[in-house]
Amino acid sequence: MNTEEIIKTAFELGNAIAQSEEMINLRNQQAELMNKKDAYDLIMRYQDARTKMDNKLMDGLLVTQQEEAHLDILEQQVSNHPDIQILLAAQEKLENLMQAVYFAINQAVTGSCSSDCDSCGGSCPM
């Protein structure tokens with residue numbers, strides 16, 4: 001298989017992932033969250049606070065305890081918000097799919113998977 005064919009196959013894999021249940025669900029959850037003002041505003045406040053803190057740290061400035069506490073509170077609110085939890089679960093499912101794809105590619109490239117290996121449950125096509 002030449003380089004062009006490999007790139008074409010990779011593109012087809014990307015299209016398959018884009019059409020996967022995991023990706024569609026994530027996009028749907030993102031769109032729904034955009035319509036939920038309280039959840040969207042909370043995410044934006046968290047991202048703004050996180051960016052400001054990261055910028056201060058990169059500039060060598062000290063971050064106050066108050067700033068850290070504020071970010072911790074926002075982070076806790078984000079992680080406890082039911083609508084955001086649904087989005088995070090959808091992101092995790094897509095991430096798991098991507099990790100499984102990477103694992104499968106790595107196993108195929110290295111040839112270290114056999115039909116009776118425990119790491120993939122024997123589902124490798126090798």
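Colleague: Which residues of α2 are buried?
Modeller: In this predicted model, they are Met 23, Leu 26, Gln 29 and Leu 33.

Colleague: How do you know that the buried residues of α2 line one face of the helix?
Modeller: Look down the axis of α2: the buried residues stay within an arc of 125 degrees, so one face holds them.

Colleague: What covers the buried residues of α2?
Modeller: The cover includes α1, α3 (37–58) and α5 (82–110).

Colleague: Why is Ser 20 called buried?
Modeller: Buried means under 20% relative accessible area. Ser 20 comes out at 12%, so it counts as buried. Ser 20 sits in the loop between α1 and α2 (21–34), and its side chain reaches the backbone oxygen of Ile 17 at 2.7 Å.

Colleague: How do you know that the span of helix α1 agrees with what it should be?
Modeller: Residues 3–18 make 16 residues, which at 1.5 Å a residue should span 22 Å. The end C-alpha atoms are 22 Å apart, so that agrees. As for α2, its 14 residues reach 20 Å from first C-alpha to last, close to the 20 Å expected.

Colleague: What makes Asn 2 a cap for the N-terminal end of α1?
Modeller: One of its side-chain oxygens lies 3.0 Å from the backbone nitrogen of Glu 4. The cut-off for a polar contact is 3.5 Å, so that pair falls within it.

Colleague: And overall, how many helices and strands are there?
Modeller: 5 helices and 0 strands, with buried residues making up 21% of the 126 in the protein.

Note on methods. Residues numbered from 1 in each chain as written. Predicted model: local features only at pLDDT ≥ 70, side-chain atom pairs only at ≥ 80, totals over all residues. Heavy atoms only, no water. Helix = DSSP H or I, 4+ residues; strand = E, 2+ residues; numbered from the N terminus. Expected span 1.5 Å × (residues − 1). Polar contact = N/O pair within 3.5 Å; in protein donor to acceptor, adjacent residues only side chain to side chain. Buried < 20%, exposed > 50% of the residue type's maximum accessible area, 1.4 Å probe, protein only. Arc of directions from axis to C-beta. Contact = heavy atoms within 4.5 Å.
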